[in-house]
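Please keep the sequence and the coordinates at hand while reading.

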Amino acid sequence: MLIKKIQEDLTLSIKNRDVLRSSLLKTLKGECDRFNREPSDETVLKVLKKVKEGLLSSPSTETSIIELSIIEEYLPMQLTEDEMDILIERVIKNSPNAGFKGFGTFMKEVSSITKGTADMQYVSKKLKEILN
């Protein structure tokens, strides 16, 4: 589980006296623990994305750049646009819903398949292009 990896890395960073890494990992672990003592990987990914968005929206500093690189270590690799295009076409082809009325269903299907590895803004834009 992802939370166990964060906990192991937190312990290691404390032993190595890596203050920045241990501080960030403590924050992440605390945020995850607010949801559940043993949060699912899905919950941990939501927290990671939330913290990443916060760092991206704040002014860029050396510390925030290092924190972003630490967070990236725990996030899954994002699908390329080509991979997302293939997936979108497959979802549309295999779905009984047709046209723009199936938009919400297509979005849910892509989201459930990719589990956080797709840029859903891109998926939405691409679906709108295809369905219109």
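Helices here are DSSP runs of H or I with at least four residues, and they are numbered from the N terminus. With that convention, E81 belongs to helix 5, which covers residues 81-93. The model is a predicted one, and every value quoted below should be read with that in mind. E81 has a relative accessibility of 48% and therefore counts as partly exposed, since that class lies between under 20% for buried and over 50% for exposed. Although 42 residues separate E81 from V123 in sequence, the C-alpha atoms of the two residues are 8.9 Å apart in space.

K29 sits in helix 2, which spans residues 19-35, and its relative accessible area is 17%, so K29 is buried. When residues up to four places away in sequence are left out of the count, K29 touches I3, Q7 and L10.

The next step is the packing of two helices against each other. Helix 3, made of residues 41-57, and helix 4, made of residues 62-72, have axes that come within 10 Å and cross at roughly 155°. Because angles over 145 degrees count as roughly antiparallel, helix 3 is roughly antiparallel to helix 4. The crossing of these two helices is left-handed. On the side of helix 3, the residues that take part are L48, V51, K52, L55 and L56, and they meet S64, E67, L68, I71 and E72 of helix 4.

What, then, makes up the largest nonpolar core, and which residues have the most contacts inside it? This core has 19 residues, and those with the most contacts within it are L25, L28, V44, L48, V51, I71 and Y74. Two or more residues are given to this core by each of helix 1 (2-15), helix 2, helix 3 and helix 4, and the largest share, six residues, comes from helix 3.

Methods
Residues are numbered from 1 along each chain as its sequence is written. This is a predicted model: local features need pLDDT of at least 70, side-chain atom pairs count only at pLDDT 80 or more; totals for chains, interfaces and linings use all residues. Side-chain values use heavy atoms; hydrogens and water are left out. Axes are lines fitted to C-alpha atoms, for helices over the stretch in contact, and angles run from 0 to 180 degrees between N-to-C directions. Angles under 35 degrees count as roughly parallel, over 145 as roughly antiparallel, 65 to 115 as roughly perpendicular and the rest as oblique. A crossing is left-handed if the near helix is turned anticlockwise from the far one by less than a right angle, and right-handed if clockwise. Contact means heavy atoms within 4.5 Å. Buried means under 20% relative accessible area, exposed over 50%, partly exposed in between (1.4 Å probe, protein chains only). A nonpolar core is a set of buried Ala, Val, Leu, Ile, Met, Phe, Trp, Tyr and Cys residues joined through side-chain atoms within 4.5 Å.
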